[in-house]
Number of protein chains: 2
Amino acid sequence: MSDLQPDLRRLSLNQMTIDNCTLSQAVDACARSGISWIGAWRHKIHPDPASAGRLIRDAGLRVSSLCRGGMFPAATEQERKKRIEDNLRAIDEAAALGTDLLVLVNGPAPDRDIASARQMVVDGIATIQPYATRCGIKLGIEPLHPMFAAERSVVVTLAQANDIALLFDTQSVGVVIDVYHVWWDPQIYVEIARAAGRIFAFHVSDWIVPTPSMLMGRGLMGQGVIEIRKLRAAVEAAGYTGPIEVEIFNETLSQLPVDQYLSSIVAAYQEFV
Amino acid sequence: MSDLQPDLRRLSLNQMTIDNCTLSQAVDACARSGISWIGAWRHKIHPDPASAGRLIRDAGLRVSSLCRGGMFPAATEQERKKRIEDNLRAIDEAAALGTDLLVLVNGPAPDRDIASARQMVVDGIATIQPYATRCGIKLGIEPLHPMFAAERSVVVTLAQANDIALLFDTQSVGVVIDVYHVWWDPQIYVEIARAAGRIFAFHVSDWIVPTPSMLMGRGLMGQGVIEIRKLRAAVEAAGYTGPIEVEIFNETLSQLPVDQYLSSIVAAYQEFV
């Protein structure tokens, strides 16, 4: 296990971490704080992803990923088709923005039948993958914590994300590993090793005890129980050397003055990631 | 998959479902509602488990299990020893109460090192198992939902519970399958089959959408997204024919008049389990 601090040049800020800021404010704050990557969200770069990309590059930053495509399972064929069309738009937006990675959050089941919903995810990815590859966009399957299985994602373990990714070419479909979603998994180190060559992103935050909220209760790295450095070492041993994205959903923290918050993030990144 | 209603004679009420009731009130309400099993909790049968057992049997009920032993991981050798002693007392209480099953909820890690805490669980079970077997008490390892990994249980999947149980004799250590804790797991049907011969209990409730609370947000069967009947069919295909314990933690539901609540439980059991 590496005891080395991660390179500051790999730090990326997922922009929902400072949801109160516009893209322009977020980019300026990152530049002031020495953060050189940003993880973008579609609704934050709407309606003009190309000029959003210019704004980011002009400030000297790069885009680590775009969140999010996915949400494939739906009750009707017609609705599933709409979801596919939306994913194709997301691929266009990622290309226009200037990132090579679209993060897929795969959606809940439309009913009790979780196995069928999981098949809809596989089918959906298979449908959009050729277009994504032609556009130079990689698809990153992000398993979410099982507590989100009913409302956000039927993909809940890295094993499952790996199983899906392995159906596709190594360069086109891979996985996004967020420590908050996977830290509890007894198989996590086995599955990180199995993901070698397909790890497209690595996200960090922390699991606070007690958990203040299922959705908005993530902590700053070091505030909780996740062995973040050990997980980073495993991800690096599996060959990942890309951006490390800080994605914290926390209402209290996001009320802090942005420069103060980003400076805490930089410090926590250096001490605990 | 069985479409048959489960036998009403298998219905057990976990007494925390009606936490407002004393044991005597709970037993009387079960008897009035045609429920013939009760799942007991240690603090509810304190200080005299033998007379609690008589009270239950005199009303014509049987005890499906005693909750809970476990909680093995702790920071110091001394504290781990105290936890072992408490488990030995729990075994005595189970025997005095007149049940053959002690449910193990295995506790959180005392620090960030979840792998070591998991080893403490294995060591703890190995330490108490000989005494439990001599007393005629089976140990049921209950995997909890991963959202409880930091606060209640480092055992979070049925795969993991099976792996531990398989270290011991089939009759002495097995698993407790609660649909609320395991429904999200892509491997659940594989692992239920692997648990054949070692399934010591089956618990039901439902996962409501949206989830009102991590701890007290369970629903009545049928109110949520869990495929309860499919899971029951799998558990029965694996050979389990014992009590089916309703364990609902829900503050709103538990405020209902007890006879009304138990009658809803009986109806939901017949329609959705």
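Trainee: How many residues of chain A are in contact with chain B?

Mentor: In chain A, 19 residues are in contact with 19 residues of chain B, where two residues count as in contact if their C-beta atoms, placed from the backbone, lie within 7 Å. This is a predicted model, in which local features need pLDDT of at least 70 and side-chain atom pairs count only at pLDDT 80 or more, while totals for chains, interfaces and linings use all residues. Residues are numbered from 1 along each chain as its sequence is written, and chains are lettered from A and ligands numbered from 1 in the order in which they are written.

Trainee: And how do the residues on chain A's side divide by class?

Mentor: The side of chain A that touches chain B has 12 nonpolar, 4 polar and 3 charged residues. In this scheme Ala, Val, Leu, Ile, Met, Phe, Trp, Tyr, Cys and Pro count as nonpolar, Asp, Glu, Lys and Arg as charged, and the others, Gly among them, as polar.

Trainee: What rotation superposes chain A on chain B?

Mentor: A rotation of 180 degrees, with 0.0 Å of shift along its axis, superposes chain A on chain B at an RMSD of 0.0 Å, and that is the relation of a two-fold axis. The superposition is by least squares on the C-alpha atoms of residues with pLDDT of at least 70 in both copies. In chain A, the C-alpha nearest the axis belongs to A:Met147, at 3.0 Å from it. Both copies use the same surface, since 100% of the contact residues of chain A recur in chain B.

Trainee: Switching to helix H1 of chain B, which of its residues are buried?

Mentor: Helix H1 of chain B spans residues 23-33, and its buried residues are B:Ala26, B:Val27, B:Ala29 and B:Cys30. Buried stands for 20 or more other C-beta atoms within 10 Å of a residue's own, exposed for 12 or fewer, and partly exposed for values in between, with C-beta atoms placed from the backbone. Helices (H or I, at least four residues) and strands (E, at least two) are DSSP runs numbered from the N terminus.

Trainee: Why do those buried residues line one face of the helix?

Mentor: Seen down the axis of H1(B), the buried residues fall within an arc of 165 degrees, so they line one face of the helix; the arc is that of the directions from the helix axis to the C-beta atoms. They pack against strand S1 (11-14), strand S2 (37-41), helix H3 (49-58) and helix H10 (258-272) of chain B. Just after H1(B), B:Gly34 has a positive phi of about 80 degrees.

Trainee: At what angle do H4 and H5 of chain B pack?

Mentor: H4 (residues 77-97) and H5 (residues 114-134) of chain B pack at about 40 degrees, with their axes 10 Å apart. Axes are lines fitted to C-alpha atoms, for helices over the stretch in contact, and angles run from 0 to 180 degrees between N-to-C directions. By class, the contact of H4(B) with H5(B) has 7 nonpolar, 3 polar and 2 charged residues.

Trainee: How about H3 and H4 in chain A, which residues make that contact?

Mentor: A:Pro49, A:Ala50, A:Ala52 and A:Gly53 of H3(A) meet A:Glu93, A:Ala96 and A:Leu97 of H4(A). The axes of H3(A) and H4(A) come within 7 Å and cross at roughly 35 degrees, and the crossing is right-handed.

Trainee: Backbone next: which residues does a cis peptide bond join with omega about 0 degrees?

Mentor: That cis bond joins A:His46 and A:Pro47, and A:Pro47 sits in the loop between helix H2 (42-45) and helix H3 (49-58) of chain A. The bond from A:Cys67 to A:Arg68 is also cis, with omega near -5 degrees, and A:Arg68 belongs to strand S3 (residues 62-70) of chain A.

Trainee: Where does A:Met71 lie, and is it buried or exposed?

Mentor: A:Met71 lies in the loop between S3 and helix H4 (77-97) of chain A, and it is buried, with 21 other C-beta atoms within 10 Å. Its phi is near 55 degrees, a positive value in a residue other than glycine.

Trainee: Last one: what does A:Lys138 touch?

Mentor: Not counting residues up to four places away in sequence, A:Lys138 touches A:Asp100, A:Leu101, A:Gln171, A:Ser172, A:Gly174 and A:Phe200. A:Lys138 is placed in strand S5 (residues 138-141) of chain A, and it counts as buried with 23 C-beta neighbours inside 10 Å.

How values were computed:
Left-handed = near helix turned anticlockwise from the far one by under 90°.
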